[in-house]
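Biologist: I am new to this structure. Please show me how to read it, one feature at a time.

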Amino acid sequence: MELPLLHLALVGTPNSGKTSLFNALTGSRQKVANYPGVTVERKEGFFVTPLGRQVSVVDLPGTYSLRGRSPDEEITRDFVLGKASGEAVPDLVLCVADSTNLRLTIRLLLELKRTGRPMILVLNMFDIASRRGITVDAERLAKELGVPVVTSIAVRKGGTADLLKLTDEISAKLAESQENSWRALSVSELRATQREADRIIADCVSLPARPDTWTARIDAIVLHPVGGLIVLALILFVMFQAVFAWAQPLMELLNSGFEALGEFVQATLPAGLLQSFLQNGVISGVGSVIVFLPQIIIIFLFILLLEDFGYMARAAFLMDRIMGGAGLHGRAFIPLLSSFACAIPGIMATRVIDDKRDRLTTILIAPLMTCSARIPVYTLIISAFIPAKDVWGFINLQGLVMFGLYATGIASALAVSFLIKFFMLRDYAPAPFMLELPDYKMPRLKSIAIGVYTRAKMFLHRAGTTIFSMMVLIWFLASFPQPPAGATEPAIDFSLAAMIGKALEPLLAPVGFNWQIAVALIPGMAAREVAVAALGTVYAIEGGKEAAEQIGQVLATKWSLATALSMLAWYIFAPQCASTLAVIRRETGSWTWMAVTFGYMLLLAYAASLLTYNVAVALGAG
């Protein structure tokens with residue numbers, strides 16, 4: 001008889017190696033979505049035990065307790081208690097601990113025990129602890145805690161064998177029903193739990209006489225008040241230089257592939273609507289976005305490497321003083337840095353901020369960080385108008401401009417935060433910033449590969465759904481109605497797209513935008529990168545095959561430098577992402593804050609473009 005699916009939950013403190021264990025257990029057999037009713041990333045994977053038991057495992061948000069002080073803690077608490085809407089009750093909880101730093105996890109486990117769930121304590125990164133001379137008496141620890149204890153090395157092949165074997169043994173003994181009489185601990189009970197955890201650590205863990213000093217040596221540099229900021233700036237600078245230098249060969253290869261595909265469609269199909277749809281709507285539109293996949297991968301690669309190495313927490317600590325001066329809590333740094341990839345997970349990451357006012361401020365400025373969806377727009381315009389040359393002999397000018405755009409986004413976010421603090425929260429002092437700094441670890445290549453693959457897959461899925469649907473709409477608007485017989489003007493001048501764009505053109509003319517840009521901005525509300533695809537479609541239909549293949553060259557002939565600079569300024573600030581606005585509404589629980597975000601960003605975008613365009617024209621770039 002086939003056994004029912006076994007449901008596991010991974011619980012642990014941040015930086016405990018929980019995600020590495022999840023990847024080791026599930027490999028590529030995982031799916032990423034959101035928890036029902038909330039916009040927190042939900043990772044679920046599947047694996048089979050040595051005895052053939054089918055297992056589902058969910059990687060829960062990292063937490064230090066079940067007190068529910070932040071939305072992340074609430075998610076983990078409700079999931080473990082079986083109160084999460086639409087989620088299966090976990091049959092077994094795997095409490096994952098960093099073997100080099102057990103104290104916080106033991107405190108968490110003592111809380112978890114009170115939920116009544118069957119549990120295993122997983123001593124992860126056990127090899128690192130052994131190399132550092134840390135000895136853990138797992139047998140005695142299991143006796144003291146009253147739960148099974150197993151060691152794990154998630155990054156090594158076969159490092160989870162003991163865990164899989166124990167999972168089989170425990171699953172065979174699981175009762176069909178479990179009692180649940182959990183309640184939140186009082187302050188005095190929490191203190192008693194902390195003392196109990198300290199006693200257990202003292203009895204079961206032996207520390208070396210000479211602690212590891214590599215972490216201290218590196219921290220002396222990266223946490224230095226001046227040197228640390230220089231290191232952080234260099235890391236970000238290298239990241240943005242790499243976006244151009246490393247990605248260019250792959251981008252050219254993808255671009256050549258789409259050009260060849262467009263030529264094949266033109267040569268194979270007779271001229272008409274079907275050929276126009278495939279060549280101008282699908283290939284020119286969607287293809288003009290997919291070619292930027294290498295750059296998206298590079299951004300995510302850097303972020304994942306820095307997280308895995310242990311640098312992210314240091315960067316947050318380093319930026320606390322600067323961010324505090326702008327009215328931000330130090331914990332806001334990681335959500336804002338996550339927003340470089342996408343504002344949506346950045347806004348979701350604000351759930352780790354306990355104070356509601358700190359969290360609201362971070363949510364309001366997160367969309368100002370330069371997300372990966374802006375990269376196609378930036379790259380298209382920079383490549384078309386900024387020469388590909390080195391300055392000072394070694395710095396790529398295009399990469400330098402890209403770095404400047406990112407820096408402007410960061411500066412504007414800090415400025416807006418300062419204004420929010422000055423006008424709305426003048427009497428408010430942020431809570432002290434307390435953060436555990438994990439030891440440095442070598443990045444886990446398998447976890448990095450899975451993370452990059454997952455995010456690339458999500459980007460391609462977005463290209464195949466949202467962007468494709470927008471391109472179908474743009475192609476339709478740009479193709480109908482058909483021009484009358486004998487017309488000498490371009491066919492697109494008679495289209496619905498031209499009618500809409502020309503109606504909006506007077507509003508955008510002061511910032512140097514033509515009607516084609518107006519057409520591109522509208523579907524760009526669905527996703528920022530759609531604007532590139534929309535420009536590709538509009539100019540492809542207007543200019544034919546040559547425009548479809550060389551959109552950058554076409555823009556260089558049809559736009560002035562002032563218009564290009566104005567477009568860059570617009571995209572630093574513009575709220576061109578409906579998904580982000582929807583997440584803001586859900587996370588704040590208010591349509592008002594969503595409207596405030598949209599309004600102030602639109603005002604900033606128009607003002608920045610207006611100033612940029614007129615200054616550029618005055619300097620002769622018109």
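Modeller: The buried residues of H2 are covered by elements including strand S1 (6–12), strand S4 (54–59), strand S5 (92–98), helix H3 (103–113) and helix H16 (356–365). Helices (H or I, at least four residues) and strands (E, at least two) are DSSP runs, numbered from the N terminus. This is a predicted model: local features need pLDDT of at least 70, side-chain atom pairs count only at pLDDT 80 or more, and totals for chains, interfaces and linings use all residues. Residues are numbered from 1 along each chain as its sequence is written, and side-chain values use heavy atoms, with hydrogens and water left out.

Biologist: How many residues of H2 are buried?

Modeller: Buried means under 20% relative accessible area, exposed over 50%, partly exposed in between (1.4 Å probe, protein chains only). Helix H2 spans residues 71–80, and eight of its ten residues are buried. Among them are Pro71, Ile75, Phe79 and Val80, and also Asp72, Glu73 and Arg77. After H2 comes Gly82, with a positive phi near 80°.

Biologist: What share of the protein chain is buried?

Modeller: Of the 622 residues, 54% are buried. The chain has 27 helices and eleven strands.

Biologist: And contacts along the chain?

Modeller: Contact means heavy atoms within 4.5 Å. Take the contacts with a separation of 6 or more: 74% of them join residues 24 or more positions apart.

Biologist: Is Ile201 buried or exposed?

Modeller: Ile201 is buried, because its relative accessible area is 10%. Ile201 sits in helix H7 (residues 187–204). Leaving aside neighbours within four places in sequence, Ile201 contacts Leu102, Arg103 and Ile106. The C-alpha atoms of Ile201 and Leu141 are 8.4 Å apart, while the two residues are 60 apart along the chain.

Biologist: Which residues have the most contacts inside the largest nonpolar core?

Modeller: First, the general idea. In soluble globular proteins, nonpolar side chains tend to be buried together. A nonpolar core is a set of buried Ala, Val, Leu, Ile, Met, Phe, Trp, Tyr and Cys residues joined through side-chain atoms within 4.5 Å. Here the largest core has 118 residues, and Met471 and Trp559 have the most contacts inside it. Helix H19 (residues 445–479) contributes the most to this core, with nine residues. Beyond four places in sequence, Met471 touches Gly281, Gly285, Val286, Val530, Ala533, Ala534 and Thr537. Another core lies apart from the largest one; it has 33 residues, including Leu110 and Val205.

Biologist: How do I read a pair of helices?

Modeller: Look at the axes. They are lines fitted to C-alpha atoms, for helices over the stretch in contact, and angles run from 0 to 180 degrees between N-to-C directions. Angles under 35 degrees count as roughly parallel, over 145 as roughly antiparallel, 65 to 115 as roughly perpendicular and the rest as oblique. Helix H10 (residues 248–268) and helix H11 (residues 273–290) pack at about 175°, with axes 10 Å apart. H10 is therefore roughly antiparallel to H11. Their meeting residues include Leu254 and Phe258 in H10, and Leu278 and Ile283 in H11.

Biologist: What about H17 and H18?

Modeller: The axes of helix H17 (residues 375–385) and helix H18 (residues 397–423) come within 10 Å and cross at roughly 140°. So H17 and H18 are oblique to each other. Their contact includes Ile375 and Tyr378 of H17, with Val401 and Leu405 of H18.
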